[in-house]
Every structure is written in C-alpha cells, then in structure tokens.
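Please examine the sequence and the model below.

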Amino acid sequence: MTTAQAEALRLSPDSPTLDEGPGWFASALAVAPERGTCEVSGTAIETLAWGERGKPGLLFLHGNGGHADWWRFIAPFFASDWRVGAISWSGMGRSGWRKSYPPEVHLAELLAGAEATGLFEGTVRPSIVAHSFGSAIALKVAASPDGARFGRLIVADNGARPPREDPFDNRKPWTNPGYTSLDEGAARFRLRPEQRCDNDYLLAFIARRSLVLRDDRWHWCFDPDADRSRGVPFSGHSGDVIAAAQCPLDFLWGDRSSLVPDEVVAATRAVAPPGTRFVTIPDAGHHLMLDQPLAFVTAVRALLGAGG
C-alpha cells in the first residue's frame, strides 16, 4: 500500500477525529449522514441525508466547486426537526462528471436529489437553503412550475446581478497535476472568491474533503472544464427569475460579501416578490456559513420557523 492510499483510508468521510475545533463542531460531525447516490441523465449524483423520513424536508445546496460535505457541520442542527438532504452537483464532490453541463441537468439534479433523500415524504412542502451557484440553480427551479412543489427558498449570499464580464470560455485550461500528499493539497486550498475566514478549523475540514485520490496523487474533487461548458447562464442572476418565483423567497447575506454589494441588495429588493425577507449576518463574507456558522444556523432556523 502506498502512502497516498494509506492517507485515503485514514480519512474516513464521516470521522471527526482528524479535525480540531470547538465542542459544537465535534458534536455536529458526530452525527454521520446517510450517504448514497441517485442517477440523473446517466451520471451518479452524491447525496447525504440526516433525520427521519416523514419530517418536513430541507435541502442544502452548495456553491461552485464545492460539495455536499460543506454542510456536514450545519445540517445536523436541523436533523431533529427536519428530514435534511444535500447533494453534490455533477462535476463536483463525489458525483460523476459529464461531457457537458447544460443548465437543465442541474435543475434535474436538484429535483432528483430531493426525491432520493425523501424530502417530499413529509406532510408539508420541503424548503431549500442554497448558497451562491447553488442558489442560481434553485432560483431557476423556483421560477419554473416545479417551484410550487417547495415551501420556501432561502438564497444564501446571492441576488439580482448582471452576467460576469469575463466569460468562462476565456479561462486558461486547467493543468494542475495533483499533489503527492493530502496535506500538501489541503495546504493549497483557497476560497473562491478569496476572502478572509478566521475559522481555520472549518477551512481545514473543507480542504481535506475537497481532494480525492486518483492515480496515487491527490486532486481537487471538481471537473476543471465544467465552468466552460456552463458558460453565461449561471454567471449572472436575473431579476426576472427572482420576480417569477413560485414559492416564497428569503435572502441571507454576509455584510462584507464581495458578491453582494449595496447595488445588488437594492436591485434584489426592487424585484423580490411581496413578503420576501432579507437578513444580513454581521462580519460574514460570501462564505457566510464558514465565517459565522452558528449565526447562519440561527438565521436559517428563524426564517424556516419551528418545525419547517
């Protein structure tokens, strides 16, 4: 057995033993999720689930380049009252890769993941908490006829903003050959967009679960060509989509987010449906669940209401 293979065996995906942090963090990681997959258009989609089937459903959706394990220390706070699910988008996490990633496949992944984790089995419509890229997909679902199948969408650090000026197809090809050890790769982990994050234990947790062993080297667990095939449809978030939502919306922002400046806040407030609520988390950047995890949990629970 090689050193890299030994590292892979040592890193159990649901073990908190390699991570340092406060007591609440260890307690959350001790609540191991049910791990599974569902198939969407021939590709396996990674699913995680917590809590009892039949309780109100709650789906967590991660951002671009992330994976379902971003919610490992958040989802357990909801597992006593909700049936909680999370997925990794195709091309990310431990989900399969595709030759191309048209928007339609991600919309189908959201619905299939909610079905596979049992979120529609409760007596009330399930809710969604979606961060960044995940919220762009969730907003498109909310604006479609399927939006009426959900009780609420909480958009985490996103809003009405124009498309990016640098199309993804202008990016240079990915050439990273991987890393010789898990520690080497984890040390190179960076948030995107870059920001300050004072919770080093959360960064370490995410970093070590963002690498996979392939050909005896450690590689980031996302398809480096996926953004190029997605292109402009997910690089901006139309106010028309927000206005057309078929379920209630809430917006949860970090007060120092680089992606939600004052003009995006104003544009979002102008088009959001009546009854939409807006919450700002102090001292939080774009990755607000890493900056202020307990405040994030408190805000989400307040928006959902007791029991969903």
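In this predicted model, S135 makes contact with A130, V155 and N158, leaving aside residues up to four places away in sequence. S135 belongs to helix α4. Its relative accessible area is 0%, so S135 is buried.

Helix α4 (residues 133-142) also packs against helix α3 (residues 103-116), at an angle of about 85° and with the axes 9 Å apart. Because angles of 65 to 115 degrees count as roughly perpendicular, α3 and α4 are roughly perpendicular to each other. On the α3 side the contact is made by H106, L107, L110 and L111, and on the α4 side by F133, I137, A138, K140 and V141. By class, these comprise seven nonpolar residues, one polar residue and one charged residue.

Aromatic rings provide a further theme. The count comes to 18 aromatic pairs. In one of them, the ring centres of F251 and F278 are 5.8 Å apart and the planes lie at 15°, so this pair is stacked. The pair links distant parts of the chain, with F251 in strand β9 (residues 249-254) and F278 in strand β10 (residues 277-281), 27 residues apart. F251 is buried, with a relative accessible area of 0%, whereas F278 is partly exposed, at 23%. F278 also has R269 over its face, at 4.4 Å from the ring centre.

Elsewhere, one aromatic cluster is formed by W24, F25, F73, F77, Y201 and F205.

Terms used:
Residues are numbered from 1 along each chain as its sequence is written. This is a predicted model: local features need pLDDT of at least 70, side-chain atom pairs count only at pLDDT 80 or more; totals for chains, interfaces and linings use all residues. Side-chain values use heavy atoms; hydrogens and water are left out. Axes are lines fitted to C-alpha atoms, for helices over the stretch in contact, and angles run from 0 to 180 degrees between N-to-C directions. Helices (H or I, at least four residues) and strands (E, at least two) are DSSP runs, numbered from the N terminus. Angles under 35 degrees count as roughly parallel, over 145 as roughly antiparallel, 65 to 115 as roughly perpendicular and the rest as oblique. Contact means heavy atoms within 4.5 Å. Ala, Val, Leu, Ile, Met, Phe, Trp, Tyr, Cys and Pro count as nonpolar, Asp, Glu, Lys and Arg as charged, and the others, Gly among them, as polar. Buried means under 20% relative accessible area, exposed over 50%, partly exposed in between (1.4 Å probe, protein chains only). Rings of Phe, Tyr and Trp (its six-membered ring) pair if their centres lie within 6.5 Å; planes under 30 degrees apart count as stacked, over 60 as edge-to-face and the rest as tilted. A charge sits over a ring if NZ of Lys or CZ of Arg is within 6 Å of the ring centre and within 35 degrees of the ring normal.
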